[in-house]
Every structure is written in C-alpha cells, then in structure tokens.
Amino acid sequence: MERALATRRHTGLAVLFGLLLSGALTPAAAQLALYEDWSTDRIAPERWRVFSLGASASVYEVVRQIADGHLHHLLRVYGGAQDDLGTQAGTNAVGFAQGGFTAVQWDTAVHGYLLQGCPTPGAQPSALQVDLRMQLFNDGSRLGPDDVTGTVDTRVRLVRRSDSGDPPEVVQAIGLMTRCNVPDCSTRDVLGEVGLGPVLVGQPNTFQMFWDTFRSRVDFQKNAEPPVHIGYSVPVVATLSARTWQVVALAANCTASPRPFAEVSATLDNILVFFP
C-alpha cells in the first residue's frame, strides 16, 4: 500500500476564485488568505481543534501528524463479526478554530487505501471518505440547543467503496449538500449532489468550495475545471461556523471470513479561506 506523502506544493498567499466568485463578490473581496500550509512542526491550537479519533474497539490504527509539509491522516477500522448488517466507522478529524469563512481552497490526496468487503449478499460495502465540510446554517426547525434538526451543511468528498467498478487507482470526488432531519442528525435529507470526477490515488488535487449567499447556492470546483453548483430553497434562519476536515473509514459488519476492514491514508495542505 502506498503511504508516501506527496511533495508537490502550491505557492502563493492568496488566489482568486475567478469564475467561481464572479458576480457574487468584487475581485478585492474574492481574495483568499492563507490559513495553513503546515510549515511548522506541530498542529497549532489557535488554528485547529481536534476531535475523537473514533473511540471504537474496531479502530485499530490512527495517525495524525505533520510530515513533509502536509497534514497526514491514516485510519484503519475493522467490521463487526456478529451479523451482516451495517458498518463500523472511525473518524480522524480536525476542525477549524477560526470558522465562519464562506469560501475555501485546499489541496488533498488519497495516498493509499485497502478495502475488504463482506461477501454476504445484501451486506453494506466497506468504504473510505475524505471530506472538507462546512456547516452553513439552520433553517429554523430545531427546538432546543441540543437539537440539530434543520442544520444544512456542504462538503467536498473523496469516496471509494469496496464494490466499486472503477480501476483501483481511482477515487471519485463529489460535492454534497445535506440537511439533518432528526435531532441527533443520525439521518439526513440530501439537498443536492454533483459529480466532480475521478482523482488518482497519490495525486494531490486542488478543490474550491464557495457558499454564495446571494444566489442561495454552493459552488464547487476541482483544479481548473468549470465550477458546478447546488442550489437550496430552505430558509437561512441562523448561520453556523463549524468547518472540519476528516478522514472516515467504514468497515462492513460480516459473519463470513476474511473479516472486512477499511484503511485509508490521506493528506491536507495549502488551505486558503475568505471571511465575508
């Protein structure tokens, strides 16, 4: 399994979204400022918050470190062996201490993965997910401080499933917008999903995500490809500021052998943001 971290770097302290932001912000306002390039040896608490690494007995390997100027996350999870239903999930995440930005650009790559699924018909596949997520707003549906019903978030996700028909070196990138439909957000409504195309294992790609509050939509872009967007019609009652990058491994539960597992290695780098 390839674990080497890429060394390709993107320079510059600020860039413009170009067409992604045209018409919504002036060129001066559209300028992005450097948030993090991992030029230090340690994760800075003034810029980052850390989360549980998935405190499940099924999480067997976790890495979070800065190496070669990148933030490197690795995660390995095993599925349960009691039945053939559902998955065991582990998350390795960092949150932005300075949230609330409406536009973000970053480099990310999946450097390696291993996925063992379950042969039982109807069992869920094992999978990997690498997300940069922006929690945008609540639509007024929540009834108390611990109720997140109506919370809308958006993300760029790199995803690969054990039952994928793609070549092994390919991971798919998507843009996604969801709404929590229960108080604990254990289930969500999908407000929209757009394909951003395939990315190659070991190859960093530059992604952009912009919450266009004027047009009630989120724009997504990969590298220099044309941007695509997802619109929404639910009301914006309270804006939210949580922003997170996370690596997720989901391993299928299975009574058959070999025991399913999911392992993924990914990096984050060159993060630029815009605060309105």
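A: A polar contact is a pair of N or O atoms within 3.5 Å; within protein, one atom must be able to donate a hydrogen and the other to accept it, and residues adjacent in sequence count only if both atoms are side-chain atoms. In this structure, which is a predicted model, local features need pLDDT of at least 70 and side-chain atom pairs count only at pLDDT 80 or more, while totals for chains, interfaces and linings use all residues. Residues are numbered from 1 along each chain as its sequence is written, and side-chain values use heavy atoms, with hydrogens and water left out.

Q: Which residue does the side chain of Asn 205 make a polar contact with?
A: The side chain of Asn 205 meets the side chain of Asn 223 in a polar contact of 2.8 Å. Asn 205 belongs to strand E11 (residues 205-212), where a strand (E, at least two residues) is a DSSP run, numbered from the N terminus, just as a helix is such a run (H or I, at least four residues). Another example is Asn 270, placed in strand E16, whose side chain is joined to that of Asp 107 by a polar contact of 2.9 Å.

Q: Are Asn 205 and Asn 270 buried or exposed?
A: A residue is called buried under 20% relative accessible area, exposed over 50%, and partly exposed in between, with a 1.4 Å probe and protein chains only. Asn 205 has a relative accessible area of 4% and is therefore buried, and Asn 270, at 6% relative accessibility, counts as buried too.

Q: How many helices and strands does the chain have?
A: The secondary structure comes to zero helices and 16 strands. As for burial, 51% of the 276 residues of the chain count as buried.

Q: How should I read the pairing of strands, and which strands does E9 pair with?
A: Two strands pair if DSSP finds at least two bridges between them. Strand E8 (residues 151-161) runs antiparallel to E9 and is joined to it by eight bridges, with Thr 154 standing opposite Met 177 in E9. E9 also pairs with strand E10 (residues 188-200), again in the antiparallel sense, over eleven bridges, and there Gly 175 has Val 194 in E10 as its bridge partner. In strand E9 (residues 170-180), ten of the eleven residues are buried, so the strand is largely enclosed by the rest of the structure.

Q: What does Ile 230 touch?
A: Contact means heavy atoms within 4.5 Å. Not counting residues up to four places away in sequence, Ile 230 touches several residues, including Gly 175, Met 177, Val 194 and Val 218. Ile 230 lies in strand E13 (residues 228-231) and is buried, with a relative accessible area of 5%.

Q: Where is Arg 243 placed, and what does its side chain reach?
A: Arg 243 is placed in strand E15, and its side chain reaches the backbone oxygen of Gln 135 at 2.6 Å. At 2% relative accessibility, Arg 243 counts as buried. The C-alpha atoms of Arg 243 and Arg 133 are separated by 5.7 Å, while the residues are 110 residues apart along the chain.

Q: How many disulfides are there?
A: A disulfide is a pair of cysteine sulfur atoms within 2.5 Å, and by this rule the count comes to two disulfides. Cys 118 and Cys 254 form one of them, with their sulfur atoms 2.1 Å apart. This pair links distant parts of the chain, 136 residues apart, because Cys 118 is in the loop between strand E6 (103-116) and strand E7 (127-138), and Cys 254 in the loop between strand E15 (243-252) and strand E16 (261-274). The sulfur atoms of Cys 180 and Cys 185 are 1.9 Å apart and form a disulfide as well.

Q: What handedness do the disulfides have?
A: The torsion about the S-S bond is about 65° for Cys 118 and Cys 254, so that disulfide is right-handed, whereas for Cys 180 and Cys 185 it is about -75°, so that disulfide is left-handed.
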